[in-house]
Amino acid sequence: STVAGMSADSFRSFATREAAGSSPLYAALAEQVSDDALLREVFEAAGDRHVAVVFAVVHRVLADHADDQLAAYYASFGGDRAPDGELAKVFEAFVLGHRARIEELLVTRDTQSNEPLRAAQLRPAFGWAQAGLGRPLGLIEVGTSAGLLLYPDRYGYEYTFGDGSVLERLPTVG
C-alpha cells in the first residue's frame, strides 16, 4: 500500500519504533494512518519524506484552528486528553476538513535543522546560567545533531517582545 514513497508500513514503523515510547498521541495517529487509505492519500503529497513531516504539518494547520476538537489532544494547545476511542474520528474530520491546506504545506515544507533558531531559544538560558555561576560555560551536546549548537556565540540574536521592544545581541567574533 505504497503512496508516493510513504506506505502503511512507514506509519506503522513510526508508531512502534519512534513514537511509542515518547508520544502516545503520535503513536495512535500513526497507527490510524497506517490503517486508513484515505488519510494516506491526503498525506501522499509528503512524498518519501519522514512521517514526522505529516504530523508537523497537521500541528501547523491546527495552530490556525486551535478551537477544533483535535486540539484537546495536543498539550501544545492546552489539551490534556489522552488518545481514546474518539481520536480517530476527530483526527480524520480535521484532516479531511483542512485537506487543501495540509496538502499545500506538505508540498512546500520539510523538516530541517535550524541551528540559529535553536540557539536563539537556548541563548537566554546560557546567559542566565553563566551569570549565576560567574564563570564561562562549557557545553557538551549529544544526540543526532551533536555539535551543531556548540557555538551559540557565533550567531546574532534579536528578541522582539509583545510590547514592541527589541533586545538585540550581535555575535561575538574571535
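1. The structure holds 7 aromatic pairs, where rings of Phe, Tyr and Trp (its six-membered ring) count as a pair if their centres lie within 6.5 Å, and where planes under 30 degrees apart are called stacked, those over 60 edge-to-face and the rest tilted. One of these pairs, formed by Phe11 and Phe43, is tilted, with 6.4 Å from centre to centre and 35° between the planes. Because Phe11 lies in helix H1 and Phe43 in helix H3, this pair ties together parts that are 32 residues apart in sequence. Helices (H or I, at least four residues) and strands (E, at least two) are DSSP runs, numbered from the N terminus.

2. The model is a predicted one, in which local features need pLDDT of at least 70 and side-chain atom pairs count only at pLDDT 80 or more, while totals for chains, interfaces and linings use all residues. Residues are numbered from 1 along each chain as its sequence is written, and side-chain values use heavy atoms, with hydrogens and water left out.

3. Are Phe11 and Phe43 buried or exposed? Phe11 is buried, with a relative accessible area of 1%, and Phe43 is buried too, with a relative accessible area of 0%; buried means under 20% relative accessible area, exposed over 50% and partly exposed in between (1.4 Å probe, protein chains only). Phe11 also pairs with Phe55, and since the ring centres are 6.4 Å apart and the planes at 85°, this pair is edge-to-face. Phe11 lies in helix H1 and Phe55 in helix H4, so this pair ties together parts that are 44 residues apart in sequence.

4. One aromatic cluster is formed by Phe11, Phe14, Tyr26, Phe43, Phe55, Tyr74, Phe77 and Phe91.

5. The largest nonpolar core has 34 residues, and those with the most contacts inside it are Phe43, Phe55, Val58, Leu70, Phe91 and Ile102. Such a core is a set of buried Ala, Val, Leu, Ile, Met, Phe, Trp, Tyr and Cys residues joined through side-chain atoms within 4.5 Å. Helix H4 gives the most to this core, with 8 residues. In soluble globular proteins, nonpolar side chains tend to be buried together.

6. Not counting residues up to four places away in sequence, Phe43 touches several residues, including Met6, Val33, Val58 and Leu106, a contact being heavy atoms within 4.5 Å.

7. Considered as a whole, the chain has 7 helices and 4 strands, and 31% of its 174 residues count as buried.
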